[in-house]
Structures are given as C-alpha cells and as structure tokens.
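Please keep the sequence and the 3D view open while reading.

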Amino acid sequence: MVVVAHADDAEFGCSGTVAQLIRKGWEVTYVLCTDGSKGSDDLDMTQEKLSAIRHDEQIAAGGILGLKAVEFLDYPDSFLEPSLDLRRDIARMIRKHKPEVLICNSPTRDLSNSTYIGHPDHMAAAEAALSAVYPTARDRLTYPELLEEGFEPHKVAEVWVMYGGDAANHVVELEEQDLEKSISALKAHFSQVPQETADRMREWKTRNGEAHGVGPAETYKLFKLG
Ligand SMILES: [Zn+2]
C-alpha cells in the first residue's frame, strides 16, 4: 500500500518500485489523501474541475502500473493535517487491504536540499500514515467504529519511507522496464507534470542509484515492525 497526499506523489517517488513489485506478483493499492484541487495556475480552472481531472489522471497512471485499487480520501488539497480523522481513515484502508508493506513520504522537512522545501501535505500524509500503521491499525480498541464497519485490526510488517539521504537502508534497483513504466505513469499526470520533467526521472533515479553503487534506483528508510 502506498499512502501519499496527491495524485502524482507516488509516481515521482516510488512508481518504479511499484512497477517492479507488480511485475513480481505483488498487489499494490494507492491511498490518495487529498482531492488534488489546488495545483493549477490556469485562470479558467475550478477546484471541482481540477479535482476530477486529477482523479482521472491517477486512475490512468494506476492502469499503466497495474494497481489493484486506487482509494481517494478526498481531504481538501493543501490544507492537509495529520489529524485523528485522517489517521482513522488511513487505518481503515490498512484494515481493508491488509498490506504487508506500507510506503509513504517522509514526515519531516528535509532542509539538506537547496532546491525543494517540501509540501506540507506530504509531511501530514506521512505522519498520519505512520501513526495509522502504529498503533491505530493494529489496536482493536482504537476507533471501535472501524470494528463495527467490519474492519479487523491488521499489523503492517514493514514501512518504507521514501528517502533520498545517506541514511537510506533500502535500495530498489530498477530494471529498464520498471523505469519505463514509472515514466509512462508519471506522464499520465498531464495537468501537473510537463512531459520533459517526466523524462528527467531517468537522470534523477540514475543519480540516486549511483550514490549507492547501483543502476537507476529508488531509495527508502525501511522499518521492520515487530
Ligand atoms: Zn504532492
């Protein structure tokens, strides 16, 4: 299960890994926390129209990758907080889909990067996702309404936090077919991603892998949960 704030976050950060996992027989579900209603400079665009476009783009990207499901929580874009409601809603998805592995963004602002300060929604989604994994999804007595809805507790075995720094301890080297598929999936987000930006993914992931002595790669901070 991949939990992110926006349509396209997963395609930027982990879609090569997702393509590879699906190729190896895994089932992968995306959980999108926001409605994607803010990312446009087009003067004729409305929040409703943009949200509908971005839902369609994410479903198209999911089709390219072969996702099992895409779940939309539809919190307002750019106002996301790591609230107890969001934590419960992600825990519901964890209990529903019972993932072995949960992938999310980093919950902390990375100030070592000089070109990107990070989006607050990314941190909020990640914080809520980690809190949903532990302890909410596994604890029977938290949110009894989830039990009433039929969602039994579930323990996630591993969390992979998308992470490009030196402390990355899980390097997923991508084969060409995984990289190609991840670029195609990113290109499905027409409203957000210039096509040449998608093509530069190859350079970013190649640099990412070089730091670990491998080919193109996506890197994570992996936690094995007891
Ligand atoms: Zn985003």
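## Strand pairing and helix packing

Strand S6 (residues 170-173) is joined to S7 by four bridges, and the two run antiparallel. This is a predicted model. Two residue pairs place S6 against S7. Glu173 has Ala217 of S7 as its bridge partner. Val171 stands opposite Thr219 in S7.

S7 also pairs with strand S5. Five bridges join S5 (residues 158-162) to S7 (residues 217-224), again in an antiparallel arrangement. Here Trp160 is bridged to Leu222 of S7.

The table sets out the two pairings.

| Strand pair | Bridges | Direction |
|---|---|---|
| S6 (residues 170-173) with S7 | four bridges | antiparallel |
| S5 (residues 158-162) with S7 (residues 217-224) | five bridges | antiparallel |

**The whole sheet.** Where do these strands sit in the sheet? The order is S3-S2-S1-S4-S5-S7-S6. That makes seven strands in an open sheet, with mixed pairing. The edges are strand S3 (69-75) and S6, each of which pairs on one side only. On average, neighbouring strands are turned by 25 degrees against each other, direction ignored. In general, strands of a sheet pair through backbone hydrogen bonds, either parallel or antiparallel.

**Helices on the sheet.** Helix H4 (residues 84-97) lies across strand S1 (2-4), strand S2 (29-34) and S3. H4 runs at about 165 degrees to S2. Helix H5 (residues 120-133) also packs on the sheet. H5 touches S1, S2, strand S4 (101-104) and S5. The direction of H5 makes about 160 degrees with that of S4.

**A helix pair.** Now turn to helix H3 (residues 47-65) and helix H7 (residues 176-187). Their axes come within 8 Å and cross at roughly 165 degrees. Angles over 145 degrees count as roughly antiparallel, so H3 is roughly antiparallel to H7. The crossing of H3 and H7 is right-handed.

Which residues meet in this contact of H3 with H7? From H3 come Ala61, Ile64 and Leu65. From H7 come Lys181, Ser184 and Ala185. By class, the contact residues divide into four nonpolar, one polar and one charged. Ala61, Ile64, Leu65 and Ala185 are the nonpolar ones. Ser184 is the polar residue, and Lys181 is the charged one.

Terms used
Residues are numbered from 1 along each chain as its sequence is written. This is a predicted model: local features need pLDDT of at least 70, side-chain atom pairs count only at pLDDT 80 or more; totals for chains, interfaces and linings use all residues. Axes are lines fitted to C-alpha atoms, for helices over the stretch in contact, and angles run from 0 to 180 degrees between N-to-C directions. Angles under 35 degrees count as roughly parallel, over 145 as roughly antiparallel, 65 to 115 as roughly perpendicular and the rest as oblique. A crossing is left-handed if the near helix is turned anticlockwise from the far one by less than a right angle, and right-handed if clockwise. Two residues are in contact if their C-beta atoms, placed from the backbone, lie within 7 Å. Two strands pair if DSSP finds at least two bridges between them.
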